[in-house]
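Please consult the sequence and the model shown below. The briefing that follows treats the fold, a helix pair and the ligand shell in turn.

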Amino acid sequence: PYPLYAELRKTPVTLQEDGSYVVSTYREIVALLHDPRISSDRRNLDESFAAREPGVSGQPPAFIALDPPDHDRLRRLAMRHFGPPGTPDRVESMRPELAAIVTGLIDALAGRERADLVETVAYPFPVTVICRLLGVPREDEPKFHGWSTEIVETIGPGEDDMAERQRRRDRATGALGDYLGDLADARLGDPGDDLLSGLLAGGGEQGGMSRAEVVTTATLLLVAGHETTVNLIANGMLTLLRHPETLERLRHEPDLVYGTVEELLRYEPPVHFPATRVALDDITVGDTTIPRGAPIVLALAAGNRDPDYVSAPERFDPCREANQHLGFGGGIHYCFGAPLARLETQVALGELARRLRNPRAVADPPPYRPSSSLRGPRRLVVDFDGVR
Ligand code: HEM
């Protein structure tokens, strides 16, 4: 039930020992997500900061870490090619292809009675999807696993030394960037119908993305597409194992999966707080004035359980109506991959519920991944009586 979040919500804003301000109530988080006085790009606080921090291996920051106008320009360009091309229905049209991938992963569990569902389904599934979208050759997928995990697990505070974590993250980001740069160069000469070729089309001069921007955008999509959906699928399966009546209902009422996924984004969201913002001005929230330059942490997961926004917030209710959760953030940085993430999770949980016979968690709670901002099990070992 996250007692820390209940404690934090006693006031909308809490000043932490490290000087950052945590915002934990629903209404105030939503207001700040839409407030142009908070920035995702520290460099906008102070011009000289930009000169000091050129970014990893000289690459420009990805649009998740930029403010308008660059954010909007790059997001719009990426959006144009994402999906694949065009309408929102294009994501939906991928449902059969995605179902085939999950079916293959679950078929591989035949004959077994115990499996780690993170290793066998929740992780490989979104990796395969995002690699296919970007046009990454299948044999290179394992390399991504390494780099992407390293990048995510070194975000935010950890047990080891901060400088060493930063070095590890820079190394992994650099290696991934180099790889994607080479792939982009190959696509430039020989374009395909993949997203990377799409991002490269149009070139820098005609208002398209520069090569460097393509590399950071592709890195962002890969990491964001890799590391969040795995957690939603794993958090989702764990929550369903704790609510066997819903798991059973899903077998007979496949449409319940839509509400289930929305409720999971509220109840056990993968992103507990997004990248720390910075106040570009003094901002008064409730009784607190957050001073210009202060870091701001938006506690999305705490807002999702705010009793002033949602009734019975500690209850998992897949039939909840008008579920305006913060699982995908909000405002200009609202999750770009939301339609794809929803689709992937609907397909994965629907198939797992349908096909695993009598699944039981071997350890509850399971071991969690070490990141403080992304929450999800490192392993989710279940026993089951075969697959249907
Ligand atoms: C942004 C959550 C899947 C791409 C965000 C944000 C959240 C989020 C909370 C806001 C970050 C902020 O405000 O700083 C999730 C969750 C996912 C998921 C919970 C899975 C369940 C995906 C996928 C993709 C993706 C599959 C891409 C294929 C992005 C991008 C942004 C973003 C590019 C930055 C948007 C911007 O800055 O305008 N996501 N995401 N996400 N997400 Fe997702």
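A residue is buried if 20 or more other C-beta atoms, placed from the backbone, lie within 10 Å of its own, exposed if 12 or fewer do, and partly exposed in between. By that criterion, 43% of the 388 residues of the protein chain are buried. This is a predicted model, in which local features need pLDDT of at least 70 and side-chain atom pairs count only at pLDDT 80 or more, while totals for chains, interfaces and linings use all residues. Residues are numbered from 1 along each chain as its sequence is written.

**Overall fold**
- The protein chain contains 17 helices and 10 strands, taken as DSSP runs numbered from the N terminus (helices H or I, at least four residues; strands E, at least two).
- The C-alpha trace spans about 60 × 60 × 40 Å along its principal axes.

**Helices H15 and H17**
- H15 (residues 256-267) packs against H17 (residues 338-355) at an angle of about 120 degrees, with axes 9 Å apart; axes are lines fitted to C-alpha atoms over the stretch in contact, and angles run from 0 to 180 degrees between N-to-C directions.
- Val 257, Tyr 258, Thr 260 and Val 261 of H15 meet Arg 342, Thr 345, Gln 346, Leu 349 and Gly 350 of H17, where contact requires C-beta atoms, placed from the backbone, within 7 Å.

**Ligand shell**
- Of the 26 residues around the ligand, Gly 225, Pro 274, Gly 329, Cys 335 and Gly 337 come nearest; a residue is near if its C-beta atom, placed from the backbone, lies within 6 Å.
- Helices H12 (211-227) and H13 (229-242), together with H17, each give two or more residues to this shell.
- H12 provides the largest share, four residues.

Terms used
Contact = placed C-beta atoms within 7 Å.
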